[in-house]
Amino acid sequence: QVQLVESGGGLVQGGGSLRLSCVVSGIIFSTNTMRWYRRAPGKQRELVASITSSGTTTYGDSVKGRFTISRDNAKRTVYLQMDSLKPEDTAVYYCNSLYAAQYWGQGTQVTVSS
């Protein structure tokens, strides 16, 4: 059974930082490309960042230079370090595996106040 459990969200002031974590089970984590998505109220789901099995990263234009995705294969965990947060980053954040894309966790709420 595939499970993705996100954590680390919360309420933060603009300019602050948060670190999200996603623990994954039920898939071969080390060979999977992992991704972080977000969904803001009234908006479509947006791909925030991805990281391949070899560590190659890509970012959405809106978060480049502010967010950093990383992974720890031994802990089966993918991280999203979010710095210089803006109110427009407010959303529910989800992690997802490219090769088991039908599975989603419950997400973690990030709220950035102005």
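Colleague: Is Arg38 buried or exposed?

Modeller: In this predicted model, Arg38 is buried, because its relative accessible area is 6%, and the cut-off for buried is under 20%.

Colleague: Which residues does Arg38 form salt bridges with?

Modeller: One partner is Glu46, where the closest N and O atoms are 2.9 Å apart. Another is Asp89, and that salt bridge is also given as 2.9 Å, N to O.

Colleague: Where in the chain do Arg38 and Asp89 lie?

Modeller: Arg38 belongs to strand S4, residues 34–39. Asp89 is in the loop between strand S8 (77–82) and strand S9 (91–97). The two residues are 51 residues apart, so the pair links distant parts of the chain.

Colleague: Which residues make up the network of salt bridges here?

Modeller: The network links Arg38, Glu46, Arg66 and Asp89.

Colleague: How many salt bridges does the count come to?

Modeller: The count comes to 4 salt bridges. Among them is one between the side chains of Lys64 and Asp61, at 3.2 Å from N to O.

Colleague: Is Asp61 buried or exposed?

Modeller: Asp61 is exposed, because its relative accessible area is 68% and the cut-off for exposed is over 50%.

Colleague: Let us change topic to the strands. What is the order of the strands in the open sheet?

Modeller: The open sheet has 4 strands in the order S1-S3-S8-S7, and the pairing is antiparallel.

Colleague: Which strands stand at the edges, and why is one side of each left without a neighbour?

Modeller: S1 and S7 stand at the edges. Each has a single partner strand, and therefore one side of each has no neighbour in the sheet. From one strand to the next, the twist averages 15°.

Colleague: What holds strands of a sheet together in pairs?

Modeller: Strands of a sheet pair through backbone hydrogen bonds, in a parallel or an antiparallel manner.

Colleague: How many bridges join S1 to S3?

Modeller: There are 5 bridges between S1 and strand S3, which covers residues 18–25, and the two strands run antiparallel. Within this pair, Leu4 stands opposite Val24 of S3.

Colleague: Which residues form the covered face of S1?

Modeller: Leu4 and Glu6 form the covered face of S1, which spans residues 3–7. Gln3, Val5 and Ser7 form the uncovered face.

Colleague: Where do Arg76 and Ser84 lie?

Modeller: Arg76 lies in the loop between strand S7 (67–72) and S8, and Ser84 lies in the loop between S8 and S9.

Colleague: What are the relative accessibilities of Arg76 and Ser84?

Modeller: Arg76 has 28% relative accessibility and counts as partly exposed. Ser84 also counts as partly exposed, at 41%.

Key: Residues numbered from 1 in each chain as written. Predicted model: local features only at pLDDT ≥ 70, side-chain atom pairs only at ≥ 80, totals over all residues. Heavy atoms only, no water. Buried < 20%, exposed > 50% of the residue type's maximum accessible area, 1.4 Å probe, protein only. Pairing = 2+ DSSP bridges. Axes fitted to C-alpha atoms, helices over the stretch in contact; angles between N-to-C directions.
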